[in-house]
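Please study the sequence and the structure before reading each solution.

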Amino acid sequence: MSSISGYSTLVTGGGSGIGRCVAHELSSLGATVIITGRKIEKLERVAGEISEDGGAVNFQHCFQRSTTCWNDAGCSGAKPFVCMVAHT
């Protein structure tokens, strides 16, 4: 995979399962990670894990099929945005 340092990535279902693993991997490659999901407790936990590892992370609590979630999720102020989706 080419360098994604300086990019922002959006991972749906980032609070658990494959989405959690993808978020950690993208962060380890230098991307700012934005995780979304339905359970705020899980999002907070994963965001804390990524932050503790030195990664840049934001999270957006949202409900399935919520257009507000998608409209707000990319507002982290980071550099160019790359969308990579993992469904759990």
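**Exercise 1.** Determine how Arg45 and Glu49 are placed relative to one another in helix α2.

*Solution.* The model is a predicted one. Arg45 and Glu49 lie four residues apart in helix α2, so about one helical turn separates them. Their side chains form a salt bridge, with an N to O distance of 3.5 Å.

**Exercise 2.** Identify the salt bridges in the whole structure and state which residues they link in a network.

*Solution.* Step 2: besides the pair in Exercise 1, the side chains of Arg20 and Glu49 meet at 3.1 Å, N to O. Step 3: this pair links distant parts of the chain, since Arg20 belongs to helix α1 (residues 17–28) and Glu49 to helix α2 (residues 40–52), 29 residues apart. Step 4: Arg20, Arg45 and Glu49 are therefore linked in a network of salt bridges.

**Exercise 3.** Decide whether Arg20 and Arg45 are buried, partly exposed or exposed.

*Solution.* Arg20, at 28%, is partly exposed. Arg45, at 41%, is partly exposed.

**Exercise 4.** Which element gives the most residues to the largest nonpolar core?

*Solution.* This core has 12 residues, among them Leu26, Val33, Ile50 and Val57. At least two residues come from each of α1, β2 (32–37) and α2. Helix α2 gives the most, with four residues.

Note on methods
Residues are numbered from 1 along each chain as its sequence is written. This is a predicted model: local features need pLDDT of at least 70, side-chain atom pairs count only at pLDDT 80 or more; totals for chains, interfaces and linings use all residues. Side-chain values use heavy atoms; hydrogens and water are left out. A salt bridge is a side-chain nitrogen of Lys or Arg within 4 Å of a carboxyl oxygen of Asp or Glu. Buried means under 20% relative accessible area, exposed over 50%, partly exposed in between (1.4 Å probe, protein chains only). A nonpolar core is a set of buried Ala, Val, Leu, Ile, Met, Phe, Trp, Tyr and Cys residues joined through side-chain atoms within 4.5 Å.
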